[in-house]
Amino acid sequence: MRRYLRLVVLCLACGFCSLLYAFSQLAVSVEEGTGGGSGKPQAAASSWLSGGGRGAAHRYSMKTQPVEKMHLAVVACGERLEETMTMLKSAIIFSIKPLHFHIFAEDQLHDSFKERLNSWSFLQRFNYTLYPITFPSENAAEWKKLFKPCASQRLFLPLILKEVDSLLYVDTDILFLRPVDDMWSLLKKFNSTQIAAMAPEHEEPRIGWYNRFARHPYYGKTGVNSGVMLMNMTRMRRKYFKNDMTTVRLQWGDILMPLLKKYKLNITWGDQDLLNIMFFHNPESLYVFPCHWNYRPDHCIYGSNCLEAEKGGISILHGNRGVYHDEKQPAFRAVYEALRNCSFEDDDVHSLLKPLELELQKTVHTYCGKIYRVFIKQLAKSIRERYDRLQEER
């Protein structure tokens, strides 16, 4: 009998310990789910890969709910603050799942980014981390002057953001006209060999740049444009890339500098050219998405040549060549100004469309303006779906 009593006491003790452990784990999970609180720095870390880079990355939490986040990266230098903030605003307005912004910016822009982003903390739908512009110390000067200041930073994102599995990189002159969720869902369409996704540089070979002028290998018939680049960075870090420099396959961190050394006198568009060379030798690794996900002036400046946009509208607008800030392509500028001036108020977003359509009608003297409806077709759908979601939540 005594033996049975001892056994019962032992079982009760084990059960009590298990209960205490369960409560402790619950407390930890609740604490982690609440985030770091209202734009205050949660953590700081400085490294270039395994340590030694300059500056620190500062993470800020806006108390998003503990569900799957979409990771969005951008690199901002010079006079790109306002453009970048408008891009981030467009991402927030239409997206459904919470976002984490990874913002790489020159030091003098950090305070402005903090001030502006912290003023949006009431949204509680995004977090952000600010990073300094960082290149490998032994070749920093060479990478900085490649194409545009800071542009080649994107090449090092898989090496810097080691804890991030997948990432959407966009240029500062991007505008989301539909939820980031829809682009993010393309990750599920990758086959087992694909590590990244981009759109073709041109749809019409007769006006293509790479197929007419490039002095280096490039992907496909007309090359690819890296202004919108979706990445499975876990796969990128693991892959060994075929190349034309050695019979040995090289990993991402090992191939970048040899590529630059070999082709630096032959490339025009900097890091985009290096990506084209890389995927020329590894075409099985690239998923190519349609032009409506990266719609640029080239798709309409000489007449419409993006059939997907004609059918369903533009999903992501890419105002390269500075068209948001001059009068050369007023249709692009009209969309940019409409979103730049739009607030997060539901009524403001809902009433965005009519004034924009009136502005676009003033641009019909241009080739892009003649097809102005492609600029608002998907946008109208996104606004309507956003309104419907808000009604359901209420």
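Reader: Why is cysteine 342 called buried?

Author: The relative accessible area of cysteine 342 is 4%. Buried means under 20% relative accessible area, exposed over 50% and partly exposed in between, with a 1.4 Å probe and protein chains only. Cysteine 342 is therefore counted as buried. The model is predicted: local features need pLDDT of at least 70, side-chain atom pairs count only at pLDDT 80 or more, and totals for chains, interfaces and linings use all residues. Residues are numbered from 1 along each chain as its sequence is written, and side-chain values use heavy atoms, with hydrogens and water left out.

Reader: What makes the link of cysteine 300 and cysteine 368 a disulfide?

Author: A disulfide is a pair of cysteine sulfur atoms within 2.5 Å. The S to S distance of cysteine 300 and cysteine 368 is 2.0 Å, so the pair meets that definition. With 90° about the S-S bond, this link is right-handed.

Reader: Why is cysteine 300 called buried, and why cysteine 368?

Author: Cysteine 300 has a relative accessible area of 0% and is therefore buried. Cysteine 368, at 1%, is therefore buried too.

Reader: Why does cysteine 77 count as buried, and why cysteine 150?

Author: Cysteine 77 has 12% relative accessibility and so counts as buried. Cysteine 150 has 7% and so counts as buried as well.
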